[in-house]
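Subject: Structure for you to look at

Dear colleague,

I am passing on the structure we spoke about, and below it you will find my notes on what was found. Please read them with the model open beside you.

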Amino acid sequence: MNHQTIIVLDFGGQYNQLIARRVRECGVYCEVKPYTTPLADLLAMKPIGFIFTGGPNSVYLEDAPHVDPALFDAGVPVLGICYGCQLIAHHLGGKVVAANDATAREYGKTETFFDTNCKLFKGLPEKSVTWMSHGDYMEVVPEGFSLVAHSDACPNVAICDETRGFYGVQYHPEVNHTEFGTAMIRNFLYEVCGATGDWTMGDYKNTAIAAVREKVGSGRVLLALSGSEMVKAAHAIGLPVASEVFADRGYKPDGTLVPRGTPGAMITDEDTAIARVLQMAKQGTVQADDGSTVALQADSVCVHGDGPKALAFVQK
């Protein structure tokens with residue numbers, strides 16, 4: 001797969017996957033990576049841009065998550081959202097402090113005013129509503145940055161250094177409450193990063209299926225998934241689902257799911273549950289909840305577990 005790539009660098013924000021979704025909806029391939037990923041590994045992906053997520057921390061605290069400062073010398077555009085904006089300011093010579101009522105602690109829908117000469121706001125209204133959720137304040141903006149958005153309470157809602165391609169916003173453009181948020185993200189992708197829109201989810205589906213089929217060949221595969229929504233996804237991409245077999249809990253005779261916590265209904269040790277799935281793959285059959293034995297065909301799906309080890313490809 002050779003597509004232009006945006007990397008969403010995750011600093012613990014609750015909307016990290018939503019940011020990635022917005023990027024993909026704009027026709028650009030995107031991956032979410034933890035902030036601890038070595039810079040060399042990130043740059044090896046040849047990203048056309050980085051997006052820093054929000055997060056619950058304050059950048060000025062000793063235990064706050066940070067980025068390798070060398071990233072800002074890599075020549076790759078950066079969009080910082082909320083905590084990500086403050087992180088840019090902190091690393092490039094600005095000063096972030098705890099906000100109070102007099103220094104722009106903001107939460108909720110906020111009327112915001114924009115400088116539409118900035119590429120991030122190109123073609124958008126000069127005034128619209130954004131969604132704020134920040135308790136810190138950029139007391140000093142880094143040298144070389146311009147103030148390109150403000151609210152009644154905050155003079156630096158958005159900052160930019162267009163020469164280097166660095167942008168920061170205190171609000172969350174990825175959520176629906178921000179009226180033109182997706183358009184702002186699109187502007188970052190196309191106006192700043194030079195995206196061409198060379199990716200779609202349909203292309204990715206076809207590429208992923210082809211890659212799995214090439215790897216597996218004529219072998220038999222057990223794909224362990226978590227949750228009924230994943231079964232729907234398997235159906236959607238054309239994988240035959242032999243049986244929904246739960247390794248950790250089953251169904252009552254009336255067809256309802258056994259509640260969590262019912263004695264004997266759940267394998268609480270995840271390694272034991274994984275071992276059961278591996279055994280199923282080895283023997284080529286699974287034991288359904290009604291006691292019947294179901295043969296595993298190529299690309300069969302077994303639904304399993306909720307833990308972090310639950311998703312796995314196993315080739316017999």
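Gln86 is found in helix H3, which covers residues 83-91; helices (H or I, at least four residues) and strands (E, at least two) are DSSP runs, numbered from the N terminus. With a relative accessible area of 3%, Gln86 is buried, where buried means under 20% relative accessible area, exposed means over 50%, and partly exposed lies in between, using a 1.4 Å probe and protein chains only. Leaving out residues up to four places away in sequence, Gln86 touches Val59, Val96, His134, Asp136, Met138 and Gln170, a contact being heavy atoms within 4.5 Å.

Please keep in mind that this is a predicted model, in which local features need pLDDT of at least 70 and side-chain atom pairs count only at pLDDT 80 or more, while totals for chains, interfaces and linings use all residues. Residues are numbered from 1 along each chain as its sequence is written, and side-chain values use heavy atoms, with hydrogens and water left out.

Lys46 sits in the loop between helix H2 (39-44) and strand E3 (49-52) and is exposed, with a relative accessible area of 69%. Cys82, by contrast, lies in the loop between E4 and H3 and is buried, at a relative accessible area of 6%.

Next come the nonpolar cores, each being a set of buried Ala, Val, Leu, Ile, Met, Phe, Trp, Tyr and Cys residues joined through side-chain atoms within 4.5 Å. In soluble globular proteins, nonpolar side chains tend to be buried together. The largest core here has 38 residues, of which Ile6, Ile51, Phe121, Phe188 and Leu189 touch the most other members. The elements that give two or more residues to this core include strand E1 (5-10), H1, strand E4 (78-81) and H4, and the largest share, 5 residues, comes from H4. Apart from this core lies another, of 25 residues, among them Phe50, Leu71, Tyr83 and Phe166. Setting aside neighbours within four places in sequence, Phe121 is in contact with residues including Phe114, Val148, Ala149, Tyr171 and Met184.

Finally, the structure holds 7 salt bridges, a salt bridge being a side-chain nitrogen of Lys or Arg within 4 Å of a carboxyl oxygen of Asp or Glu. In one of them, Glu191 pairs with Lys122, with their closest N and O atoms 3.4 Å apart. This pair links distant parts of the chain, 69 residues apart, since Glu191 is in helix H4 (residues 181-192) and Lys122 is in the loop between strand E6 (106-114) and strand E7 (127-134). Glu191 counts as partly exposed at 32% relative accessibility, and Lys122 counts as partly exposed at 45%.

Arg22 and Glu25 also form a salt bridge through their side chains (3.2 Å, N to O), and, being 3 residues apart in helix H1 (residues 16-25), they are separated by about one helical turn. Arg22 is buried, with a relative accessible area of 8%, whereas Glu25 is partly exposed at 43%. The side chains of Asp161 and Arg164 meet in a salt bridge as well (2.8 Å, N to O), with Asp161 buried at 6% relative accessibility and Arg164 partly exposed at 38%. Salt bridges that share partners also join Arg21, Arg22 and Glu25 into one network.

With best wishes
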